[in-house]
Each structure stands twice: as C-alpha cells, then as structure tokens.
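Biologist: Can you walk me through this model? I'd like to start with the sheet.

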Amino acid sequence: MKALVLGASGHIGNAVTRELIARGYEVVATGRRPVPPVNLNGLAVRYISGDIDTPGYLDRSVEGQDVVIDAAAPYPSLMPPTAEGAADALDHARLRTQMLLDAVRRQHARLAYVSSFTTLPDLSGGFERTQRQWIRRLHPYFAVKQVIETEILAAARAGLPAVVVNPTLCIGPWDIKARELCFVPRLLCAEVPVAVTHLINVIDVRDTAAGLVAALEAEHYGEPIPLTGHNLSVEALYTWLCEIGGVAPPRLVAPISLAVIATYLSEIALATLGLRPPLPALAPMLTMLLDSFDPGRVQAELGITPRPLSATLADAIEWYRLIGYC
C-alpha cells in the first residue's frame, strides 16, 4: 500500500509516518522545508517539498497513492482578530479542503484527517459552557477546525472513504515545533513559572498514530473518533515531568481562565508592535477547552490502549534533549 502524509514533519504527522512504515506501507512524506527535517532522518520515505496551496501540488502529490493522511490542516493565527480576518481563514480552509477532497476522489484513494478534540460535542453546562463558547469565538482556529471536519464528514456521507480522528493533548517524541511553542522543554528550563488548575487528558502521539491507521484499516469511515489517554491535572502533569527531568516544578498555581486572559491580551498588544508573544494565547485556550475523557467505544474496538504515561513523558524529555531544546 502506498500512503501520502501531508505534514509529515509535524508532531502527529511524523508519528503517523512511522506507524505506516512499521505496518509495511510505502510512504511519501510532504513538508514545506526544502530538505527533510531531523525527525524524518533515517526513515524509509520519499520526501516532497512544497506548499499545499500551490496550484497542482495536491494533484501531483496524491497521484498514485492508496491512502492520504492530512496532518497539515491550516493553523490560523490570532491576529488580526477581526471579522474579515476570520472570514478569510474560513474561506481558505474550505478551499484547501475541497482541493484535497477533489484530489483524493480523482485518485480513488482513502483519506484520514487529524482533527481536534475541540470539535467534539461539549457536554458541559452552566457558566462553564458559557466560558467555553466565549473562548471559541476569540480565536479562528476553532472555527477552521470545525469547517474542515464538517466538509470531510459530508464527503464521507456521500461515499468517500474518510476517517476522522480527534485526539486530546498529544505528548511524546518527534516534535520539532519552534521551541517557544513546546511546553515540555520550557518547563524543564524553568521558563514556565506558573502551573494552572485544570483537569486535562493527554495521549501518547504514538497511540494517536496507531489509532488513526487502525481506523483506516478497519474502514471506520464517516464519524469522528475520539482518541484519549490519561486524565490528570495540569499541575500534576508539570510535577511529573519535572520529577522525571530532575528539576523543581513551578511554585505558583493560577486558574486557567487567568492564563487565557493574560496571554490573549498580551498577544494582541505585542502584535500591534510587530512582536511575537512569549506564549501564544491558543495554548491556554486549548487547555481550558480540554477536559477529562474516558476511552470511547471505537477506540476500544480498535484495540488502542494508552501506554503508561511515565514512558510517554520520559520519551518526550529524551527527544527534546536530543534535539537541543533542553
């Protein structure tokens, strides 16, 4: 089987690439970098450099593939936080998704899309639900994720063999995001002075990849598949990471809502000066929308059992140290 991974250098995309290779797929990996990045070194892949938005790029990349993995969906920035900016981000997401769907249909391939837990039904109520609705309106990321998932599920209902997975917070090796966006090395280098009081769910990125490929092979098309791992507080996660890393955890603890407000206002203020924020507001926003989860029916049917969290955290720390992040 031949598989194309869009966004193979991303954290989840890279894990999916490795899972496909382990299962005997012939993999083509795509990315914007002119040469393969460090997390693709030594992998048996053919690397294609380019921008998905370039006319004809998707058709050329998808040609000859049996499976297409989309782990490179648009990631809009907060600025400008205007109605026009949000509309442009949604229009771009719709256009890109339709281009991808058209390319997959022409090739008679199967599609798997990495969505987000933020598109799953919100079961909270009262003031908590109001807070979460407010958060979703502040950043175009949430609307973009919903639009892409809706388009792909509609195509699946019309007969396209498409899998959609919705992982919670992914942790583990092979992440090469910009260091300022990686909380683990920043935490271990005492650059995160405050922990927050909030219950979350974390999953090993390798379990996410295994769930996605298992869903494809089981032909579980047309419905969102939550992929979940371990429930714990952010404060407990930080303490555990620091214990494994041999450093002291943050002494201060604050409500997650305060972190959202502070980072949101900071990002807007710094953007007006042409500066990047030390911590983008999207990170605490996602944390605030995250909650505890129990493994769902489909995850159980696919046989995806979360690996021990201690191993996940140790492997993540080892990776970040290997690439010089901490």
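Biologist: In what order do the strands of the open sheet come?

Modeller: The order is S7-S9-S11, three strands with mixed pairing. Strands are DSSP runs of E with at least two residues, helices are runs of H or I with at least four, and both are numbered from the N terminus. Two strands pair if DSSP finds at least two bridges between them.

Biologist: Which are the edge strands?

Modeller: Strand S7 (169-171) and strand S11 (230-233), each pairing on one side only. From one strand to the next, the twist averages 45 degrees. Axes here are lines fitted to C-alpha atoms, for helices over the stretch in contact, and angles between N-to-C directions run from 0 to 180 degrees.

Biologist: Is this predicted or experimental, and how are things numbered?

Modeller: This is a predicted model, where local features need pLDDT of at least 70 and side-chain atom pairs count only at pLDDT 80 or more, while totals for chains, interfaces and linings use all residues. Residues are numbered from 1 along each chain as its sequence is written, and side-chain values use heavy atoms, with hydrogens and water left out.

Biologist: Back to the sheet. Do S9 and S11 pair in the parallel or antiparallel sense?

Modeller: Antiparallel, over four bridges, with strand S9 covering residues 199-204. Asn-201 stands opposite Asn-231 in S11.

Biologist: And which helix touches S7 and S9?

Modeller: Helix H7 (residues 205-217) packs on the sheet there, its direction making about 70 degrees with that of S9. Contact means heavy atoms within 4.5 Å. Helix H8 (residues 234-245) lies across S7, S9 and S11, at about 95 degrees to S11.

Biologist: Different topic. How many residues of helix H10 are buried?

Modeller: Six of the eight in residues 282-289, so H10 is largely enclosed by the rest of the structure. Buried means under 20% relative accessible area, exposed over 50%, and partly exposed in between (1.4 Å probe, protein chains only). Among the buried ones are Leu-282, Pro-284 and Met-285.

Biologist: What do the buried residues of H10 pack against?

Modeller: Helix H4 (126-138), helix H5 (140-157) and H9. Leu-265 is in helix H9 (residues 256-272).

Biologist: Is Leu-265 buried or exposed?

Modeller: Leu-265 counts as exposed because its relative accessibility is 52%.

Biologist: What about strand S1?

Modeller: S1 (residues 2-6) is mostly covered, with four of its five residues buried. S1 runs parallel to strand S2 (residues 26-31), joined by four bridges. Val-5 has Ala-29 in S2 as its bridge partner.
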